[in-house]
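Hi,

Here is the structure I promised to send over. Have a look at it first, and my notes follow below.

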Amino acid sequence: AALTMMMPMAVFSQTQGFYDFKVKTLEGNNFDLSSLKGKKVMVVNVASKCGFTPQYKDLEEMYRKYAGEMVIIGFPANNFANQEPGTPAEIRQFCSQNYGVTFPMMEKISVKGDDMNPLYKWLTSKDKNGVMDSEVKWNFQKYLIDENGKLIDVLYSKEKPESEKSMKWLSSK
C-alpha cells in the first residue's frame, strides 16, 4: 500500500515547465509566465552599467518590430561586477530615459550561485528544462523559448538580439 501512495507524488514532482513559473515585475506585481503561452519569449538578464547595456536599444527595437510574435522579458541582475546596483525605481528610470524600454521588466534577481532564481535554475539545467545545460556567463545573455514553452537555444552576451540564431528561432513554426 505504501508504494501506491508514493506513485502520485512522483508524478506530481516531475519537472516544471516554463509556464509554471510566477515572477514579479520591477514594480513588484505578480507576473505569470503562463500568460505568454502561444508567443515566443526571449528571457534576458540585464544590467545598467555593462559594456553590453546598449543592447537595451536592440532589444526594444526587436520587441516593437515583432510585437505580435514574441515577447522579451528582462531580469535585472547584479551578479557580474556589480553592474546592476540600482533600486527598482532607478532601474526603471534608467531604462525608460536612456532606451525607451517598453518590454516587460521583472524584479532584480540572481542568475547564478546559491541564490539563483528558480526560473534561471530551469533555464540552465537540462535536468529541469529537458534540452540543455548552460551557465549564465555575463549580462545580456538571451534564452529563446518557443510558443509552447520549450527552451530552444541560448545566445551569449556578445550575440545581438537579432542574430542569425535568433531570426531562425523567430521564423520557425
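Predicted model: local features only at pLDDT ≥ 70, side-chain atom pairs only at ≥ 80, totals over all residues.

The ones to look for are Glu164, Lys168 and Ser171.

α6 covers residues 164–171, and its Ser166, Trp169 and Leu170 are buried. Looking down the axis of α6, the buried residues stay within an arc of 100°, so they line one face of the helix. As for what they pack against, the list is β3 (40–46), α2 (55–65), β4 (70–76), β5 (142–145) and β6 (151–155).

Stepping back to the whole chain, there are six helices and six strands. Read from the N terminus, the order is α-β-β-β-α-β-α-α-α-β-β-α. The radius of gyration comes out at 17 Å, close to the 16 Å that the globule rule gives for 173 residues, so the chain is as compact as a globular protein of that length. Along the principal axes, the C-alpha atoms fill a box of roughly 65 × 35 × 25 Å.

Some numbers on the inside and the surface: 46% of the 173 residues count as buried. Among contacts with a separation of 6 or more, 63% come from residues 24 or more positions apart. The chain exposes about 9,200 Å², with carbon and sulfur atoms supplying 54% of that. On charge, I count 23 positive and 21 negative side chains, and the centres of the two sets lie 2 Å apart.

Cheers

Note on methods. Residues numbered from 1 in each chain as written. Heavy atoms only, no water. Helix = DSSP H or I, 4+ residues; strand = E, 2+ residues; numbered from the N terminus. Rg over C-alpha atoms; globule rule 2.2 N^0.38 Å. Buried < 20%, exposed > 50% of the residue type's maximum accessible area, 1.4 Å probe, protein only. Contact = heavy atoms within 4.5 Å. Areas by Shrake-Rupley, 256 points an atom, 1.4 Å probe, with all protein chains shown as cover. Lys, Arg positive; Asp, Glu negative; His and termini not counted. Charge placed at Lys NZ, Arg CZ, Asp CG, Glu CD. Arc of directions from axis to C-beta.
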